[in-house]
Amino acid sequence: MGGSADSVEVRQTSVSRPPWAVAADAFREWLDGDRGAMDRLVSAMNPVLWHVVRAYRLDEASAKDVIQDTWVAFVRSYGSIDDPQAISSWLTVTARRTAWRTAKQASVQVATETDELEQTMETEPPAEDAAVARLDQSALWRGVQALSERCQRLLRIVAFDGRPDYRRIAEDLGMPIGSIGPTRARCLDKLRAALALGGSTLGGSTLGGAS
Amino acid sequence: MSMDRTSDDETFAALRAMWRQADPVPADLDGSVLALIDAELITSDVALLELIDEHTRAATVRGAGDERTLRFSDGTREVLIRIVPGPHGARIDGWSVPTVDGAVTLRCDGRRHETSAMTAGRFAFNGVPDGAATLWFEVGGAPSAGWKAGPFTI
């Protein structure tokens, strides 16, 4: 029951902290008996899980199912998670594995309606993030769409998984572990090249690779 | 060909913002997950034992901390522990009724101490640091099926 003032402070400062750090604290507090900490754990991790799972091109209903299955697995196994600090990785890996299996079984090819998403990109106001405010988002969207499916998936997983486990990602994507880093760099290069071709900028500098 | 780290970070920040905007998390996801977790916890096989009694006995040796005895129960299962402070952390001796034969784990301030239950449901931990703690008892070899006692402070 004690320490509520501390908890409030943690919540206020958690906005700018990475999800894995917020999740680690929330999980530890929950294990220590703070029932409200589960809300913080779920709200810190669901956005990460959502984007990691959707990287496998699952439709919305399947993605929700995968995330719910992940949390059920968590409730059934949390006692065996050795290090509360690793809760984010545990959830992300479990969700990714389940998403991978689901996608493989269903052979889902088209999950997002590209036209619909492009419309959203063009009509919604840009996000407040400083880097994004200067970015032509629809150009970025088109640049991403031009990448291979593997590149899109890898970049989305790495973007949202604050502590990506390259060994497991390599297993799931059927790639040698040593190739994940170079593949990531190649995917970024291709994206930057596509954006530079359209004259788009990011963070105030032209995205044209080394040229 | 390689880009500096700041540039990568900016690109990933932009990608995150793009995907958040293009494919937002469904508004009802957190609520449905929390409801599911509540339902799973209620039907899970983890028995929650609450602190129902605590006694403190003044130290008999000068300079030593007070000895505390805590009793946890859920009405059918009971755990009794004695916490004796020491210069290198506390010693905890415990008993469970009925007897638990699996691993007993003490989680204290994010650290995990594990021991095997000794005969007749007895268990012990040495050198436990101060902090908020919970005890976990494994039953039948399944981490998801067992008892949890606490939280309590050391």
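Helices α3(A) and α4(A) are oblique to each other (under 35 degrees is roughly parallel, over 145 roughly antiparallel, 65 to 115 roughly perpendicular, and the rest oblique). Their axes come within 10 Å and cross at roughly 135° (each axis is a line fitted to C-alpha atoms over the stretch in contact, with angles from 0 to 180 degrees between N-to-C directions). Helix α3(A) covers residues 37-54, and α4(A) covers residues 60-77 (helices are DSSP runs of H or I, at least four residues; strands are runs of E, at least two; both are numbered from the N terminus).

Before I go on: this is a predicted model, where local features need pLDDT of at least 70 and side-chain atom pairs pLDDT 80 or more, while totals for chains, interfaces and linings use all residues. Residues are numbered from 1 along each chain, chains are lettered from A and ligands numbered from 1 as written, and side-chain values use heavy atoms, without hydrogens and water.

Back to the pair. On the α3(A) side, the residues in contact (heavy atoms within 4.5 Å) are M38(A), L41(A), V42(A), M45(A), N46(A), L49(A), W50(A), V53(A) and R54(A). They meet E60(A), A63(A), K64(A), V66(A), I67(A), T70(A), W71(A) and F74(A) of α4(A). By class, 12 of these residues are nonpolar, two polar and three charged (nonpolar is Ala, Val, Leu, Ile, Met, Phe, Trp, Tyr, Cys and Pro; charged is Asp, Glu, Lys and Arg; the others, Gly among them, are polar).

Helix α3(A) also packs against α2(A), residues 19-31, with axes that come within 8 Å and cross at roughly 155°. That makes α2(A) and α3(A) roughly antiparallel. Helix α2(A) brings P19(A), V22(A), A23(A), A26(A), F27(A), E29(A) and W30(A), and α3(A) brings A37(A), M38(A), R40(A), L41(A), A44(A), M45(A) and V48(A). This contact has 12 nonpolar residues, two charged and no polar ones.

Next, α9(A), residues 149-160, and α11(A): the axes come within 10 Å and cross at roughly 105°. So these two are roughly perpendicular to each other. C151(A), L154(A), L155(A) and V158(A) of α9(A) touch I180(A), T183(A), R184(A), C187(A), L188(A) and L191(A) of α11(A). Eight of the residues are nonpolar, one is polar and one is charged.

Is T183(A) buried or exposed? With a relative accessibility of 9%, T183(A) counts as buried (buried is under 20% relative accessible area, exposed over 50%, partly exposed in between, with a 1.4 Å probe and protein chains only). Beyond four places in sequence, T183(A) contacts L154(A) and M175(A).

Chain B has two helices and nine strands, in the order α-α-β-β-β-β-β-β-β-β-β along the sequence. Of its 154 residues, 43% are buried. One residue to look at is A47(B), in strand β1(B), residues 46-57. A47(B) is buried, at 9% relative accessible area. K148(B) lies 101 residues from A47(B) in sequence, yet their C-alpha atoms are 6.1 Å apart. Outside its sequence neighbours within four places, A47(B) contacts D74(B), R77(B), G146(B), W147(B) and K148(B).

Last, confidence. The mean pLDDT of chain A is 74, and 70% of its residues reach 70 or more (pLDDT is the predictor's confidence in each residue, from 0 to 100). It stays under 50 over residues 1-15 of chain A, which have five contacts beyond four places in sequence. Residues 203-211 of chain A are also under 50, with 19 such contacts. Where pLDDT is low, predicted coordinates should not be read in detail.
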